Amino acid sequence: MIDISTAIDKIIEESKPIGTCEKDLMESVGYTLAENIYSNDNLPPFNKSAMDGYAIKSKDSLLCNESENICLDIIGVIKAGDYFEGKVDDKQAIKIMTGAPVPDDTDAVIQIENVELDGNKLILSEVVKKNRNIINIGEELKVGDLALEVGQKIRPSEIGLLASLGYSKVKVYKKPILSVLTTGDELVDITDSIENGKIRNSNEYSLKALAKDLEVRSFGIIEDKKDVIKEKLKEALEISNIIITSGGSSAGDYDFIEDVLSELGADIKFNKIAIKPGKPVIFATVGEKLVFGLPGNPLSFINTYEEFVKPAILKMSGENIKENKFPVILKHDIKCKAGRTNYVYVDINKEDGKFYAYEVGSQCSNQLLMITKSNGIVIVPKNKGFVKKGEILDGKFIFQ
């Protein structure tokens, strides 16, 4: 049995990006950039107004004081999308809308609410500094600047920036294809009634939800027969990058996953991890394909997917793997068996700038109701069997 960090290190070591492809801009959401993105233009491409107001020459305002106002002639209006090609002389102003290009002869914009009007005259009562309320050409990006780096996850904000820069296609890392093999003679479909020792197949559906951004190929419910499992595993290895089995990873009379993998020539890296819930986890490779034998208990299945499969998916998708733990103060005592690192599901709330963990109920590995009341976990070190209310543990949010 190996510890959690060693298991993750082994998984990351074996997880390799599976290649790149070109995607249309709107199809690239959720993918990871496989190329650096450089700016083809200045952003903004012209000096633009940050406010609705009046474009002026700042020097015209220098004589303003408490007793003396300045009057400027208003010579026109510029709205967003227009371009003023005329000339703005001294003692003149031009009305301008947010986002419109600022005329070359002006160097400041005064907000519309900070001035008075007298017919076609603008009355200034304050000194206006140069560049006030002007976003200068190239202030955000200049031509040739690095805008986005390889490894950046493409979110709606990146889509907007790419569109602003004129990119209609981008090069991204491919995402792995997953296959799921759900083993167990006790399983029935979710539409079937449960009787005579049967339970519904929840893990397949949990996995599809966990991997909602990936292509998941399901082999349905597979009998606890070694030859059947072997044939299905062979099929899965042909069509997917990651194979996940549910159930059959322990050491019972009908747990065949490890034996089948050995017969298929897989390189089994480990078969137990010092984690609770989820000790019987098998990790193996067949060439560049990864196989995860996860426990069949629903909570253990979800917990081990999040902790061990997800980092592999991120690495194969070209994403950076980031630490997401933070200190959490316990609002209740925790009693658990020492010897394995315990992941305790809790409800985490932020109060006065600190995170607190609240109890949500039984942590039995075959129960799902409790996790529906949770938004995170706290991690009890393997050498601890009891943690008092008020103590601080590492915690993290789930399903992020």
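Me: How much helix and strand is there over residues 179–315, and how far apart are the end C-alpha atoms?
Reply: Residues 179–315 come out at 34% helix and 28% strand, with the end C-alpha atoms 17 Å apart. Helices (H or I, at least four residues) and strands (E, at least two) are DSSP runs numbered from the N terminus. Keep in mind that this is a predicted model: local features need pLDDT of at least 70, side-chain atom pairs count only at pLDDT 80 or more, and totals for chains, interfaces and linings use all residues. Residues are numbered from 1 along each chain as its sequence is written, and side-chain values use heavy atoms, with hydrogens and water left out.

Me: What does UniProt place at 179–315?
Reply: The UniProt record, an unreviewed entry, has "domain: MoaB/Mog" there. Such annotations may be inferred rather than shown by experiment.

Me: Which residues of H4 are buried?
Reply: Ile229, Leu233, Ala236 and Leu237, where buried means under 20% relative accessible area, exposed over 50% and partly exposed in between (1.4 Å probe, protein chains only). Seen down the axis of H4, the buried residues fall within an arc of 100 degrees, so they line one face of the helix; the arc is taken from the directions from the helix axis to the C-beta atoms.

Me: And what's on the face turned away from the buried side?
Reply: Asp227 and Glu238, both exposed, sit on that face of H4.

Me: What covers the buried residues of H4?
Reply: The cover includes strands S13 (178–183) and S16 (216–222), plus helix H5 (257–263). Contact here means heavy atoms within 4.5 Å.

Me: Switching topic: how many salt bridges does a search of the whole structure find?
Reply: It finds 18, counting a side-chain nitrogen of Lys or Arg within 4 Å of a carboxyl oxygen of Asp or Glu.

Me: Where do lysine 396 and glutamate 307 come in?
Reply: Lysine 396 and glutamate 307 form a salt bridge, with the closest N and O atoms 2.8 Å apart. Lysine 396 is in strand S28 (residues 392–397) and glutamate 307 in helix H6 (residues 298–316), so the pair ties together parts 89 residues apart in sequence.

Me: Is lysine 396 buried or exposed?
Reply: Buried, with a relative accessible area of 12%. Glutamate 307 counts as buried as well, at 8%.

Me: Last one: where is threonine 32?
Reply: Threonine 32 is in the loop between strand S1 (20–24) and strand S2 (37–38). Its relative accessible area is 1%, so threonine 32 is buried, and among the residues it touches are Gly151, Lys171 and Ser317.

Notes
Lists of a residue's contacts leave out its neighbours within four places in sequence.
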